[in-house]
Each structure stands twice: as C-alpha cells, then as structure tokens.
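Visitor: I am new to this structure. Could you show me how to read it, one feature at a time?

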Amino acid sequence: GIAIFGGIVYQYFRSKIKPLESKIREANDRIRRTNGPEDFASTFEEINSWMESHPLFGSSWKEVSLNLLPPQPGSGSQIIRNFHRASEYFTPGALLSGKMNISFYQWVPNALTGLGILGTFLGLVAGLYLANEGLMTNDTAKTNAALGSLLGGASLAFSTSFVGVLSSLLMNWKQKHHFHA
C-alpha cells in the first residue's frame, strides 16, 4: 500500500512537472542561442519582452531585469551586467508557486517513512497480540506456533518499514532530479 501511494503521488507529480520542464528548456534554449554577452545585449529587448510575458518566468524575470545594469554610453562595452545570479530568482519555489503545491510533494517522503514506521509498530503489536496466549503456556506446540506468529508479525512489520523508507528515498531522489536538473 505504501509503495502504491508513493507511486501514485509521483506519477501525479510527474504529470505536473513535465510540462513545466519543457517550458524551462525552451527558455534556456532561447537565451543560449545568443552568441555571447554582446549578442545578448543586442537582442535584449526581444528576450526581455518574451520573458516578461511568459506565464512561468514573467514575475521572476521582472525581478532579474530590475537588477541588470545596461551598457553605459561611451564605455565601449555592449555587455549587460547583473548584480545577482539569475539562479537566485529562478528557484523552484518562485517558478512553481501557484502551479503546483510544492510543500505537499516535499511532505510526501516524510509521510512514506512515517507510514512505514507505523506499519512496523502495528505489525509488532499484532505479532505480540497473536503470540501472547501461546507464550504463556507450558505446551511447546502452542509456544512454537506463538513464536511463528510473532516472527510473522515482525517480518511484516520490518517489511513495511523497508518499503516506506525505500519509497521515501526514491521520491526524494526523483524530486531532486526534477527540481535541480
């Protein structure tokens, strides 16, 4: 159940993030088509107009453009300088705000681990409950059966922890892959 929950949430996350990733690649390609800082400066108005009107980058780009220093007249330089790296503005939080609930997806790995631990405790409690009567008897057959129940419950318990932690690790890894690729 834990792995299925993690898989469903990841597929939904992926369906939301994939279109945004293609828009990010599109913007990167558009800016990288410029041949150096001088070419960027000469096509800045076109790039600026496109970025400001872009639904994903518009607000972040406006902040970036406020911190750009245009070429000074008479300096001989045609390079646009900046005070901060653009990556300080184009963060996953800034780009995805309002488009997907990032805090939910950051919460899911913790929930998967928590569900795995909860499963461990429930499995151990169930094993102890099922084995309780058999452990209190002098009949070795009942004691052996009770120990089998106890070990079966413990096996299930630790399996849920393993699945919960593994699902959490996979979800974290995939999120980081998408957010920092």
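**A guided reading**

Guide: Start with the contacts. Among contacts in the protein chain with a separation of 6 or more, 66% join residues 24 or more positions apart. Keep in mind that this is a predicted model.

Visitor: What secondary structure does the protein chain have?

Guide: The protein chain has seven helices and two strands. Read from the N terminus, the order is α-α-α-α-β-β-α-α-α.

Visitor: How do I judge the overall shape?

Guide: Compare the radius of gyration with that of a compact globule. For 181 residues, such a globule would come near 16 Å, but the protein chain has 28 Å. Then look at the spans. Along the principal axes, the C-alpha trace covers about 100 × 25 × 25 Å.

Visitor: How many of the 181 residues count as buried?

Guide: The share is 32%. Buried here means under 20% relative accessible area. As for the surface, the protein chain exposes about 11500 Å², and 61% of that comes from carbon and sulfur atoms.

Visitor: What about charge?

Guide: Count the side chains, then compare the centres of the two sets. The protein chain has 15 positive and 12 negative side chains. The centres of these sets lie 4 Å apart.

Visitor: How do I read one helix?

Guide: Begin with the general idea. An α-helix has 3.6 residues a turn, so residues three or four places apart point the same way. Now take α4, residues 58-66.

Visitor: Which residues of α4 are buried?

Guide: They are G58, S60, W61, V64 and S65. Seen down the axis of α4, these buried residues fall within an arc of 160°, so they line one face of the helix.

Visitor: What do the buried residues of α4 pack against?

Guide: Their partners are the helices α2 (37-42), α3 (44-53) and α5 (92-96), together with strand β1 (68-69).

Visitor: Now a single residue. Where is E26?

Guide: E26 sits in helix α1, which covers residues 2-32. Partly exposed is the class between buried, under 20%, and exposed, over 50%. E26 counts as partly exposed because its relative accessibility is 40%. Leaving out residues up to four places away in sequence, E26 touches W50 and H54.

Visitor: And Q106: which helix holds it?

Guide: Q106 belongs to α6, residues 102-135. With a relative accessible area of 46%, Q106 is partly exposed.

Visitor: How far is the C-alpha atom of Q106 from that of N172?

Guide: The separation is 7.9 Å, although Q106 and N172 are 66 residues apart along the chain.

Note on methods:
Residues numbered from 1 in each chain as written. Predicted model: local features only at pLDDT ≥ 70, side-chain atom pairs only at ≥ 80, totals over all residues. Heavy atoms only, no water. Helix = DSSP H or I, 4+ residues; strand = E, 2+ residues; numbered from the N terminus. Rg over C-alpha atoms; globule rule 2.2 N^0.38 Å. Buried < 20%, exposed > 50% of the residue type's maximum accessible area, 1.4 Å probe, protein only. Contact = heavy atoms within 4.5 Å. Areas by Shrake-Rupley, 256 points an atom, 1.4 Å probe, with all protein chains shown as cover. Lys, Arg positive; Asp, Glu negative; His and termini not counted. Charge placed at Lys NZ, Arg CZ, Asp CG, Glu CD. Arc of directions from axis to C-beta.
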